[in-house]
Amino acid sequence: MENESICVIGVSSIDLHINVQEKLKREESIPGKIQFRPGGVGRNIVSGLAALKVRASFISNFANSIFCDVLLHSMNEEYIDYTMSMFESKEVSFYCDLITENEMYGINDMKSIEELSIPFFESKISILNSMDYIVFDLNMNQSVFEYIVDHTNAKIVCDATSVLKCKKISNRFNHIFLLKANYYEALELAGNGEENLSCDILADRLLQKGIRQVYITIGEQGVFYASSQERMQVKRLETLKTQNTSGAGDVFLAAVLYGLMNQWDQIELLSFAVNLSFYYIAEGKYRVTEDVIRKANESKQDELSIHR
């Protein structure tokens, strides 16, 4: 691996995952399983990179709170460098999902990331400008994203984050080296109000806007990749029966970055990234463990469907 530098900018949150198997009943308590763990798109990405032995800087914001103590403790255990972060935040970021047998509902409270303002980043621009990659989750203010993009020469990598938040990149498409989006986020960015468009068409439109590499995740159908040189779709032949895929897209992006820094070809890169996120979901923990990495490395391409 070349000695490339990378900085991830985004949310570090406390995640609450609630699983219930019984039908929800109004004004009645029902049994379920509740998990409390560190999360956030940015934190999940940098955690995945740390597990893959990629040293990355992380910029987020933290309050003087028992919840943030949990977040900082987890990052200390993973040897994540968060020293450029803000430590005087007034708020804590939270995410909660409720998963039933057939549905999943997600609620996020990420307003605290808005405290990372342009004045906060002005003193850090010279450091950011020395980075090879800057990775954004799009919970931050659009003006801050545009300021950093306009004042650095790094390769810009964006996680679309959500249908509502992905629109923050609309004025800077031609600055983006790599975009990772799910199908609905890609449709929001390139659908022009149309529905049921193919990934081929969406990718074409995103490339025409100036983005150099596009990864569209499409659930059990895997991921669609496109650049000006090639395109392909890769998926696992085996699927998992679970509605809780929280963090899988973040782990996928970490694996993509790992592959790029190792200069892998796209088949090798996508095979590893798809397998890593698959085993991450199957294990059900909030970290990429050594066992998950081992299984992803040992997986053979005949376990995948690859269409070029």
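A pocket is an open set of points, on a 1 Å grid over the protein atoms alone, with protein on both sides within 12 Å along at least five of seven lines, and its lining residues have an atom within 4 Å of a point. The largest pocket here is lined by 49 residues, with Asn-182, Thr-245, Ser-246, Ala-248 and Gly-249 nearest its centre. The model is predicted: local features need pLDDT of at least 70, side-chain atom pairs count only at pLDDT 80 or more, and totals for chains, interfaces and linings use all residues. Residues are numbered from 1 along each chain as its sequence is written, and side-chain values use heavy atoms, without hydrogens and water.

**Largest pocket**
- Its space amounts to about 1,600 Å³, a volume being the space filled by probe spheres set on the grid points, which are joined across faces, edges and corners.
- Elements giving two or more residues to this lining include strand E2 (13-19), helix H1 (41-51) and helix H8 (248-261); helices (H or I, at least four residues) and strands (E, at least two) are DSSP runs numbered from the N terminus.

**Second largest pocket**
- This pocket holds about 300 Å³ of space.
- Its lining comprises 17 residues, and Ser-47, Ala-50, Ala-51, Lys-53 and Glu-78 lie nearest the centre.
- H1 supplies the largest share of that lining, 4 residues.

**Residue Ile-66**
- Ile-66 belongs to helix H2.
- Ile-66 is exposed, with a relative accessible area of 63%, where exposed means over 50%, buried under 20% and partly exposed in between (1.4 Å probe, protein chains only).

Note on methods
1 Å grid on protein atoms, 1.4 Å probe; cavity = no way out; pocket = protein on both sides within 12 Å on 5 of 7 lines; lining within 4 Å.
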